Amino acid sequence: MPPKKFVIFCFVVILITISLIAGSTFEKDVTLTLDQKFLLDKFRAKVVDKMPQDYMKSEMYLVKWLRTSNFHIVAAEERLFQHLEWRKERGIDDLDLKSEFLDDDIRFYLDGRDKLGRPFMLIETRNHDARRLIIQGKYDQLVRFYEHAFESGCKLGLDFTERYKNVTRGHLLVNLHGLIIQQNSCVACVTMFVQNIINFVQNYPECVDKIIVANAPLSFNVFGNIGKAAFSEEIRRNIQVYGKNTQLLRKSLSTDFELDQIPPSLGGSKIYAGMEDENVDNK
């Protein structure tokens, strides 16, 4: 006899219907066994009064830490408090959570939605040259950019969870159009790249459903494999990398996105706030 399941939200019938539409990730995120629900209640009782933000007190937030700790309460508590200390040290709660630019090198945008209405973050590398920025003494500024991006995107996903009840994760869409690998593969560049991934994995459990990398140059494979190794196994299974084959890229992206939600450099028509209306050759 299979174990009885408990759906975290109250209106079970509605959410089971939505889970059939939204896919297995949503269903997994909102469904617990009775034993798991007992552990979640116990975990929440231990930590809820120590949470500095209201959204951190919700079951949907706390279960992310517990599930990614294999429902070991002590481990989840330790990781969560380490996260709170990291937030305090890095001043994360003082960030202005909106789309951000780093000169014209790299930008992120938050106003796109997938076909199911879920938020996704678009990162565009444009003329990104991490080596030049580091030489210019902007290492800390670059790290801060990624902290800003991760916090903004994951907080938006949590806001959607609270508001709509049918979203538990978003997507990350990375457009490498214009990226020159040689300018981003210095020792300090790779070290920063890996550390940013580690920070993301440690501090934002179950934030993303898919990570989709588009317009990857041929030389990206080695660089990308280094990055993949820093991700958790669950995230590695959901990383999709596409090269510069325009037809294949459009077909693949059309699974999750309408053309009016992706930029011209990805074969779409959306011009995000602050994005120049450039004529990009996608032929």
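Modeller: Let us begin with helix length: the expected span of a helix is 1.5 Å times one less than its number of residues. Please bear in mind that this is a predicted model.

Colleague: What span should the 14 residues of helix H3 have, and how far apart are its end C-alpha atoms?

Modeller: Helix H3 covers residues 34-47, so at 1.5 Å a residue it should span 20 Å. The C-alpha atoms at its ends are 20 Å apart, in agreement with that expectation.

Colleague: Which residues of H3 are buried?

Modeller: The criterion for burial is a relative accessible area under 20%, while exposed means over 50%. In H3, Lys37, Leu40, Phe43 and Val47 are buried. Viewed down the helix axis, these buried residues fall within an arc of 125°, so they line one face of H3. The face turned away from that buried side carries exposed residues, namely Asp35, Phe38 and Ala45.

Colleague: How many residues of H4 are buried?

Modeller: Helix H4 is mostly covered, with 8 of its 9 residues buried. Among them are Tyr61, Leu62, Trp65 and Leu66, and these residues also meet Ile73, Ala76, Arg79, Leu80 and His83 in H5.

Colleague: At what angle do H4 and H5 pack?

Modeller: H4, residues 59-67, packs against H5 at an angle of about 115°, and their axes are 8 Å apart. The handedness is a separate property: H4 passes H5 in a right-handed crossing.

Colleague: Are H5 and H7 roughly parallel or oblique to each other?

Modeller: Angles under 35 degrees count as roughly parallel and those over 145 as roughly antiparallel, with 65 to 115 taken as roughly perpendicular and the rest as oblique. The axes of H5 (residues 73-90) and H7 (residues 139-164) cross at roughly 130° and come within 13 Å. H5 and H7 are therefore oblique to each other. H5 passes H7 in a left-handed crossing. On the H5 side, the contact involves Trp86, Arg87 and Arg90, which meet Val143, Arg144, Glu147 and Glu151 of H7.

Colleague: At what angle do the axes of H7 and H8 cross?

Modeller: The axes of H7 and H8, the latter formed by residues 187-203, cross at roughly 25° and come within 11 Å. That angle makes H7 roughly parallel to H8. From H7, the contact draws on Tyr139, Leu142, Val143, Tyr146, Phe150 and Cys154; H8 contributes Ala188, Met192, Asn196 and Phe200. H7 passes H8 in a right-handed crossing.

Colleague: What percentage of the residues in the protein chain is buried?

Modeller: Of the 283 residues in the protein chain, 51% are buried. The secondary structure comes to 11 helices and 8 strands. For contacts between residues at least 6 apart in sequence, 71% join residues at least 24 apart.

How values were computed: Residues are numbered from 1 along each chain as its sequence is written. This is a predicted model: local features need pLDDT of at least 70, side-chain atom pairs count only at pLDDT 80 or more; totals for chains, interfaces and linings use all residues. Side-chain values use heavy atoms; hydrogens and water are left out. Helices (H or I, at least four residues) and strands (E, at least two) are DSSP runs, numbered from the N terminus. Buried means under 20% relative accessible area, exposed over 50%, partly exposed in between (1.4 Å probe, protein chains only). The arc is that of the directions from the helix axis to the C-beta atoms. Axes are lines fitted to C-alpha atoms, for helices over the stretch in contact, and angles run from 0 to 180 degrees between N-to-C directions. A crossing is left-handed if the near helix is turned anticlockwise from the far one by less than a right angle, and right-handed if clockwise. Contact means heavy atoms within 4.5 Å.
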